[in-house]
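Subject: Structure handover

Hi,

Here is the structure I promised to pass on. Please look it over first; my notes follow below.

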Amino acid sequence: MDALVNKRIVKVIKGDQNAFAEIVELYQHQLYHICYRMLGNKQEAEDIAQEAFMRAYVNIHTFDQNRKFSTWLYRIATNLCIDRIRKKKPDYHLDAEVRGTEGLNMYSKIANEDELPEEELMRMEVQERVQYEISRLPDKYRAAIVLKYIEELPLTEISEILDLPLGTVKTRIHRGREALRKQLSNL
C-alpha cells in the first residue's frame, strides 16, 4: 500500500488533485476514528480530520517518501487534536441528553440484539466511564493510550506519530495505563 500511496503523492506534487482524493479515500475512516477517540465528539473529529487532510495536502511537498505516509498523517491529526483539547474546556459530554428525548443519551442509540437491556446499560455505563476517564488523562498520556489501545498501532508507529523516543512512548503508555487503573479502581 505504501508504494501505491507514494505514487499518488508524486502525482499530487505534480498538481493532480484527484490523486489526493484517492489518498483521502484510503485513510479517511481510520483518521476520523483516531480524532474521535481523542476528542470524544463526532463533529469535532470530522473537523479535525478534514483539517489534517488539508494540512497534509498543503505540506505534501515536505513529506519524506522513505517514511510511512499514514504515520505522518496521523501525527498531523494527533497534534491538531491535542491543540484543540488545550484550547477549549469541555462543554459537552457523551452522556449528555439527546435534544428532544427524555433521558436518552448518545450511547442509548447503540443497538445490540445480543444483549439484554440491563446488560447493554451496564456496558454503556462502563464505556462512558472509560471514555470519560481517558478524557481526564493528561494530553501526553491520552494520546499514547488512544493510539495504543483504541487504534491498536504498533509502538514504533506511535513513536513516530508523537515524535518521541520509543522508551518515552512506553513510559507514557505505562503511566497512562496506571493512571486509568487508579481512576477506574472503583468500577
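**Notes on the model**

R172 counts as partly exposed, because its relative accessibility is 22%. On this scale buried is under 20% relative accessible area, exposed is over 50%, and partly exposed lies in between, with a 1.4 Å probe and protein chains only.

First, the ground rules. This is a predicted model, in which local features need pLDDT of at least 70, side-chain atom pairs count only at pLDDT 80 or more, and totals for chains, interfaces and linings use all residues. Residues are numbered from 1 along each chain as its sequence is written, and side-chain values use heavy atoms, with hydrogens and water left out.

**Overall**

The protein chain has 8 helices and 0 strands. Helices (H or I, at least four residues) and strands (E, at least two) are DSSP runs, numbered from the N terminus. The order from the N terminus is α-α-α-α-α-α-α-α. The chain has 187 residues, and 40% of them count as buried. Take contacts between residues at least 6 apart in sequence: 58% join residues at least 24 apart. Contact here means heavy atoms within 4.5 Å.

**R172**

R172 sits in helix 8. Leaving aside neighbours within four places in sequence, R172 is in contact with K140, Y141, A144 and L164. R172 and R142 are 30 residues apart along the chain, and their C-alpha atoms are separated by 8.8 Å.

**Helix 6**

The expected span is 1.5 Å times one less than the number of residues.Buried residues in helix 6 are D139, Y141, R142, A143, A144, I145, V146 and L147. They pack against helix 2, helix 4 (69-87), helix 5 (117-136), helix 7 and helix 8 (166-183). Just after helix 6, E152 takes a positive phi of about 55 degrees.

**Helix 2 against helix 6**

Helix 2 (residues 17-39) packs on helix 6 (residues 139-150) at an angle of about 130 degrees, and the axes are 10 Å apart. Helix 2 is therefore oblique to helix 6. Axes are lines fitted to C-alpha atoms, for helices over the stretch in contact, and angles run from 0 to 180 degrees between N-to-C directions. Angles under 35 degrees count as roughly parallel, over 145 as roughly antiparallel, 65 to 115 as roughly perpendicular, and the rest as oblique.

Which residues in helix 2 and helix 6 meet? I34, R37 and M38 come from helix 2, and R142, A143, V146, L147 and I150 from helix 6. The contact divides into 6 nonpolar, no polar and 2 charged residues. Ala, Val, Leu, Ile, Met, Phe, Trp, Tyr, Cys and Pro count as nonpolar, Asp, Glu, Lys and Arg as charged, and the others, Gly among them, as polar.

**L153**

L153 lies in the loop between helix 6 and helix 7 (155-162). L153 counts as buried because its relative accessibility is 9%. Beyond neighbours within four places in sequence, L153 is in contact with Y74, L147, K148, I158 and I161. L153 and T71 are 82 residues apart in sequence, yet 9.8 Å apart in space, C-alpha to C-alpha.

**N6**

N6 is in helix 1 (residues 2-13). Its relative accessible area is 18%, so N6 is buried. Not counting residues up to four places away in sequence, N6 touches F63 and Q65.

Best wishes
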